[in-house]
Amino acid sequence: MPRNNNSRLKVQDKGETPPQTTSSLLNFVIPTEFIELPTQGKFYPSDHPLHNAETVEMRYMTAKETDILTSTSLLKKGVAVDRMLESLFVDKNIKASQLFIGDKNALILAARINGFGSEYTAQVGCQNCGKTSEHVFELNEVKPKEVPSNINFSTNGTFFIKLPKTGVEAECQLLTGDHEKELASTAEKKKRLKLPDTILTDQYKKIIVSLNTVSDRSTVEEFVDIMPAQDALHLRKEYESARPDMDMSYSYECESCNAENDVDIPFSANFFWPD
């Protein structure tokens, strides 16, 4: 939703002579745009700046943000994209790491489109003949995915999934950037200690808030460790269905064999650095 920036940009009437001063180069006000959130702000707690907010106002990218994206220290810490987004937010109370993943994806897409345009070239492999080729994705075509209307939400923004095998009702929460960092840190620690990889169960433990209203963390984690595979599969599918996000699926025709391919738009290293 582009914002009317004429008054902020000091647009002059036809025939008006612009002031010939050195400082006039600095009178430019960076345009902003209101970006729609897939969650519509419904899942954020009442004290969050995005509680019930359907949009976020963001500035367009400048050279300052490209410096952030190429900062060696920020890249090493894995916070370059978060810092870039926070630099673009008009409301400085919004922290990128506290955004739900779907909302963060929407804002990253908007920042890229506003900064470098909507065309994005990436390598894709044909599912039929296996040949890899370049494909130009049109990012403006990416829309929020449809979320089922029959999901039972609580006043806290959590939602409920009935597990078919055990009959347990799992109260679930959407994951944020902070949750993702915690999961990545746990996975790295287990790898360093040469412990078994438990990515899926660790994720379930983050997603589940309570089981049949029991919120004791040790009970939840013990249940996840012995949860029947049928329940685990159902939980994962229902969570993905209920989770607001951008629909990154894309269809294209292979130039070699003309086969139709359905892929998710890949995020490669040149996402913010198009040729």
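Colleague: Which element gives the most to the lining of the largest pocket?
Modeller: This is a predicted model, where local features need pLDDT of at least 70, side-chain atom pairs count only at pLDDT 80 or more, and totals for chains, interfaces and linings use all residues. Residues are numbered from 1 along each chain as its sequence is written, and side-chain values use heavy atoms, without hydrogens and water. With helices (H or I, at least four residues) and strands (E, at least two) taken as DSSP runs numbered from the N terminus, the top contributor, with five residues, is α4.

Colleague: Which strand is joined to β5 by four bridges?
Modeller: Strands pair if DSSP finds at least two bridges between them. The open sheet has the order β5-β6-β7, with antiparallel pairing. β5 (159-162) is an edge strand, as is β7 (208-211). The partner joined to β5 by four bridges is β6.

Colleague: At about what angle to β5 does helix α8 run?
Modeller: Axes are lines fitted to C-alpha atoms, for helices over the stretch in contact (heavy atoms within 4.5 Å). Angles run from 0 to 180 degrees between N-to-C directions. Helix α8 (residues 229-242) lies across β5, β6 and β7, and its angle to β5 is about 145°.
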